[in-house]
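I opened this entry to keep track of what I looked up. The structure goes in here before my notes.

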Amino acid sequence: MMDQQRVNLDGFAHEDVGLGLVALHSPHDPAPSLVVADGLVVEMDGRAAEDFDALDSLIATHGIDVSVAEEAMALEDVALARMFVDPAVPRAEVVRLVAGTTPAKLAQVVALLRPAELTMAMTKLRARRTPSNQAHVTNLLDDPLLLAADAATAAAYGFRELETTVPVLADAPSNAVAVTVGAAVASAGILVQCSVEEAMELEMGMRGLVSYAETVSLYGTESVFVDGDDTPYSKALLAAGYASRGVKMRVTSGAGAEVLMGGAEGCSMLYLESRCVSLARAIGAQGVQNGGIDGASVAGAVPRGVRAMMAENVMVMARNLEACTGNDALMSESDVRRTSRTLPMLLAGTDFVCSGFGSIQRYDNMFGPSQWNAEDIDDWLAMQRDWGVDGGLRTADPDEVGRLRRRAAEACRDVYRWLGLADFTDDHVELAVDAVGSKDLGDPDPMVVLGAAQAIRSSGLGSLQVARALQECGYDEAAGRVLEMLGARVQGDHLQTAAIFDEQMQVMSLVTDPNDYAGPGTGYEPDDRRQAEIDAIRQARGVEDLRVDQAQWRSDDLKGGGPSVQGSDPREVVIGLSPGVGRTVWRTLSGLAVVDVLRELLAGLEEEGCTARVVRVNSTLDLGMVGLTAARLAGSGIGIGLQGKGTALIHRRDLPPLANLELYSMAPIITSSLYRLLGTNAGRHAKGATPVPARNPYTDEAVEARYHTSVIALVALERACVDRSLDNEDIEVVR
Amino acid sequence: MTRAFSGRDSDELTLDRLSRDELGADDVRIHPETLEHQARVAERHANPQLAANLRRAAELALVPEDEVMAMYEALRPHRSSAEELETLASTLDGYPAPLCAALVREAAEVYARRSLLR
């Protein structure tokens, strides 16, 4: 049975130092060292300057603050590790010291942090105070209308960065335009990226088709870097190139990448990633997307691999960079395991908790399925609410999402038509608006998208023309938002670390919204508006909702009568009802009308030749007391107690209140035939015959989780009907 | 107020002007001085490397897109000889883009040592 669990679909590997399949420590990791002469690094992590590879060279020349290096490197690893966690040590002090550490030193320090300590370090060290989240918006067909609609949906759910990519490289410019349009329809200030090969991504960034870039990969060894057709220096130029056009950029790295490319050189994943993070800082990137990413499953396969991925993120934060913290590629088939991997980051809060939450269907995610996907959004919202933390998402009103999807798809269609890129039919718009994913679009002609993309590229069209087209087509608000994003490029404030825009286009970054965590009572706390957003998930119900639900089941078939008197017929069984029944409570938790339940009980009694009377007990809602009161009124001394929610028992007049003869406790799963059997058995008890005891129905589902909210509300309705001054009253059941 | 590359005040990026086709690409392009300003902000926030990158960006802000893309290509592994990288550095000196030129010369030295030249 254990083998059937989904976790066993995952691959688990023995540690293998030779392959680099080792998370935190390898015997081949160098011992930290740093020798500075005349202000220049002449030895780093055991290697002399003349032996530096390209990574060492760039890090040693640009990435180490030699003015604090001596102090930082002299600190015991554990002393520095404690500073990461200690709320009394300001973030700025950690940042100051870490600037003087080598890759091997920082790796050793974070390897000392245990999971709860990593969570604390993340809480304190992330750059931006307010956490956020990023979505993937892609589809199998690169369909622009669906991309636009899905971008609008993602924005409605609160994602502040949208990352698209393509199954067909040449489609990229079209995807960038479609997502830009969809995002602008739904919200101001959404950053948009199209992840493709480095040169193409740079071209789109410079031409203003996207507002940030992320696919700037760094690797922990020179050989893998070169296999990836780059060097640390080409990446440094790329970083400057993006900034030269006001485009936000972060680099991508993460455990496991070197292992996958067979070039780990026997080092641990954490050490290699530490080199990447040092390099990111050295080339002047404002942020890093790491925490496994494409290698997440590799890291997840080895002991402490998940911990190493979180430690990577903490290194980024400690180097004073924006942390886009993985939780990107799906690293497990097991819901338990993927939740376990993500939860600490959700609790701590990061600049982007997911570096790609798949806001679309898994099959449409052209990055591959994400750790979190569209079908998980309700789970994510519930986890935010459970812990009272901000994972960047909010509940979106379905009507509003529908309206935004329609407007986004129409705007995209109109923009493509106005710019002469493509002509989409009204039917296509309708399909895109209603589509769950691209499989609902039928079979559109792929050449249409390709043609549009080529036209965008060859004409040099940019976001300014997109804004103009939106305006011409009557989408002034969206046009204004695209123009504002272009204006932001001119301002350049979003080039600072960890910048996003809020919905009023205010930049939130290390500069404008710095993390000020310094222990309990400090740091980010959702404001009242945001907390209300987190708390208000659409499934939440209150007593008033239930009162309305119950009222829909009101029936004229229960009629109040006079006060109940003691019965004398030895065959008489009394059915006692709780006070709310027939007033505010009409339907049991199993979905049966209370009057139908009564009919089953009465039929069961009739089959046994008993007479029956129905009495509402107004003085208590305790089922034992209701049943006992009924038993005492019955000529036979046998009573049935029935609460409005459906819980029922058989009582006898000489028993203590909390005892009973039979009890149906599982109200949500009691069927009509079981109620009939309860009536039959009560009749047999009345006659002194031997009843066949009913088996309480059993389920292994989380019945309590499902029904407790309703139970609490039903009890509240019943309690409001309790009136000790009222007599017990006979009730007529219309048959 | 911030000036765009064209010299236009960024406050002038309005829908009204857009509708009159008065806005061009250089009106939504960042000015080198703005990048220098952002570099100073980054320096004040404990990231001199980000500041250095923004200063290299300020230099590249003057360089046409195609040339920036060509420079990136030239710095990829095994694309350029030592002479070609020196020519590139000299071109950069001419813009003037001395910080970028220095980066290219540094790369050339490392590439020679690490066999990354063409």
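**Sheet in chain A**

I looked up an open sheet of three strands in chain A, with the order β9-β10-β11 and parallel pairing. Strands here are DSSP runs of E of at least two residues, helices are runs of H or I of at least four, and both are numbered from the N terminus. Two strands pair if DSSP finds at least two bridges between them. I noted β9 (251-252) and β11 (322-325) of chain A as the edge strands, each pairing on one side only. Strand β10 (residues 287-290) of chain A runs parallel to β11(A), and four bridges join them. I looked up one bridge partner: G287(A) has E322(A) in β11(A).

**Provenance**

The model is predicted: local features need pLDDT of at least 70, side-chain atom pairs count only at pLDDT 80 or more, and totals for chains, interfaces and linings use all residues. Residues are numbered from 1 along each chain as its sequence is written, while chains are lettered from A and ligands numbered from 1 in the order in which they are written.

**Chain B against chain A**

I found 45 residues of chain B in contact with 57 residues of chain A (contact: C-beta atoms, placed from the backbone, within 7 Å). On the side of chain B that touches chain A, α3(B) gives the most, with eight residues. That side divides into 29 nonpolar, nine polar and seven charged residues. Ala, Val, Leu, Ile, Met, Phe, Trp, Tyr, Cys and Pro count as nonpolar, Asp, Glu, Lys and Arg as charged, and the others, Gly among them, as polar.

Key. Contact = placed C-beta atoms within 7 Å.
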